[in-house]
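Colleague: I am new to this one. Could you walk me through how its two chains meet?

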2 protein chains.
Amino acid sequence: MDEDQVARSAQLALLFEVSAYPKPGNVDRTHDFMDTSYEHFLASSVAVYPVLREAAMRKGRGVGELIRKGVEESVKWQHGGNTHFGALLLLIPLAMAAGASDSCATPVLKYRASEIMRNTDVEDAIELYRAFPVAKVRVRRDVAELDVMNEASLEEIRNKQLSLFDILTISAPYDLISRELVGGFEKTFRYAALIADFIRDKPLNEAITHAYLNLLAEEEDTFVKMKFGAEKSRYVKERAKGIADRGYRREELEEFDHELIIAGINPGSSADLIVAALFIAILQGLKV
Amino acid sequence: MDEDQVARSAQLALLFEVSAYPKPGNVDRTHDFMDTSYEHFLASSVAVYPVLREAAMRKGRGVGELIRKGVEESVKWQHGGNTHFGALLLLIPLAMAAGASDSCATPVLKYRASEIMRNTDVEDAIELYRAFPVAKVRVRRDVAELDVMNEASLEEIRNKQLSLFDILTISAPYDLISRELVGGFEKTFRYAALIADFIRDKPLNEAITHAYLNLLAEEEDTFVKMKFGAEKSRYVKERAKGIADRGYRREELEEFDHELIIAGINPGSSADLIVAALFIAILQGLKV
C-alpha cells in the first residue's frame, strides 16, 4: 500500500481515538490532564506523520529505530510529555506490514506484522531502550536485570543478543502491548472488527468509546496496574464490565470517567490498543 | 524549510483551528453541523497532508493544481463535503513560500507568497475552477461572465488569458480570501502576530477564539455575506465587536455561538484566515 495512505490512516486513528469522549480516565476532546492536554495529543499526532510514512516504506527492518524516532518527533512538537509511546509501539510494525502488503485483509496484515516482529534483532531492542528515557515512560523496576534506566541492561542485551521480540516476550505476561506485539496482534484485529461492526449502527464516537469500554472490561489495563497496583486495575475492569453489561448508558460512562479523572487513573494501554484497532479499521474501509 | 516541517505546521494549524471553542457559528470540538462534523474536519486535515508536503517541495509553480488536488483528497477521505477549500486557497501558496525559503521571518514569507501569487498563470485559474464543483463551494452567481459552474467561463479564461491572480483580483473587492491572496496576505501575517502575542498570557484555545472574534469584529465574513446577505454579515460584525470591546467574556462568546448555530450562520472565511494565521505562527515558533 502507498506510504501516504498508510501514514494518513495511522494518523487519523490517533486523532479519532483521542477525540472520542467520554473515555473513562483518559484525555479526550473535553478532558485534559494536568500536564498533558488534548492539544498535546493533536500536536504529537501531527509530529509522527513522517515516521509513520517512513515505516510504510521500510518493508520490515528497523522497528526499534522508528519507534525511537517517532517518540523523538512527538516530544519535539509538544511539551506535554509522553503521549504516544504505546501507540507507536503498535503502529510502527503495523504500518510496516501495511506498506509491504498489496492487501489490507486481516490474515495478510496479521501475518506480515507478526513476521516483522519475529525478525527484530538486538539493535531493535537497544533502540527501544533508548526511546524509554525520551518518552519518560514508567516501567516495571522489578525486572532488575533489564532495568531500562540502567546502562548495564544495554550491555546485558548485547551480551545475550536479545532481540526486541525476546525483550517483549519477557514483559508479555504482565503487559498488554507486549502481548500484542509478540502474540500476533490478536486483540488489535479483533477490536478493529468490533469497531467496524459497531459503526454500522452507531456514530463513530460511540463506536470508539464502546470498544474502549469493552476492552477495559475484558483486560486489566497495564498502565493502571503498574502505576496504581493490581487492586485498582481489577476494580477498573469490573466497573467497566458492569457498564458494558448494562448497555453502555451515557450517564454511567460519564460518571465512570469523572471518577477515574478525580483519582488520576488513566488506562493508557487500552487507549493505545484502540488506536491500533482504529488504524486497521480505517485501512479496511472505515470512513466518516 | 523542510517539506515535512512545513506540511506538519500547516496540518497542525488546521487541527488547532477546528478544535478551538467556542468559535461562534463554526464547527468546533463541541459543535457539529448537520452534515459536517468535527470528525469530518479531522479526516480532511489528515487527507491533505501529502498535498501540503508537495506544495512545500514545488518552489512556486502549480498553485491551482495543488489547490484542486487538496480539495480532491479532502473529499476522498470524508463524506462531510467542503471543509477546507478556503483554508487550502491560503495554505497552498503559503506552504510553497515556506518550502522555498530558508527563513520563516514575516517579510521573507510574505514577499515569497505574494510573488508566487503574482506568477500564477491561466492554468492555475482553470485548475481553481475545476476545484469548485469538487468542493461544491457556494459562489457569487452575479459575476455572470465568470460563472464557475459554466463551461463557457473556462473558455473565457482561456481566451482572455486570465491568470489565477487576475481572477482573484476580480473577486477581491467582495471576498476576504481573494483579498489576502492578491493583497500580500496582510491580515494573515497580522493575525499570526496577534495569536503569538495572545499566547503569552492566554491558553492556546483562548488565543485562537479571541483572534477569531477580533477578525469577525474587524471584517464582514464573506461566506456569511454570500449566503445570508449584507445585513446579516454586518450584524455578525457588530455583535463580535461588542463582545471584543467588553473583554471577551466566555459566557458572551457561548451565547453568540449558540445564536449563530441556531440561525445556521457560519463565518467560514474568517475561520479559514485564522488557519492561515496559525500556520504562520506555528512556523515562527508557536508550540503547545
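Modeller: One term to begin with: contact means heavy atoms within 4.5 Å. By that rule A:Phe16 touches, among others, A:Leu204, A:Ile208, B:Leu42 and B:Ala43, leaving out residues up to four places away in sequence. This is a predicted model, in which local features need pLDDT of at least 70, side-chain atom pairs count only at pLDDT 80 or more, and totals for chains, interfaces and linings use all residues. Residues are numbered from 1 along each chain as its sequence is written, chains are lettered from A in the order in which they are written, and side-chain values use heavy atoms, with hydrogens and water left out.

Colleague: How do you know how many residues of chain A are in contact with chain B?

Modeller: Applying the contact rule gives 31 residues of chain A and 31 residues of chain B.

Colleague: What makes the pair A:Arg29 and B:Glu39 a salt bridge?

Modeller: The term asks for a side-chain nitrogen of Lys or Arg within 4 Å of a carboxyl oxygen of Asp or Glu. The closest N and O atoms of A:Arg29 and B:Glu39 are 2.8 Å apart, so the pair qualifies.

Colleague: Which elements of chain A supply two or more residues to the side that touches chain B?

Modeller: They are H1, H2, H3, H4 and H12 of chain A, where helices are DSSP runs (H or I, at least four residues), numbered from the N terminus. H1(A) gives the most, with nine residues.
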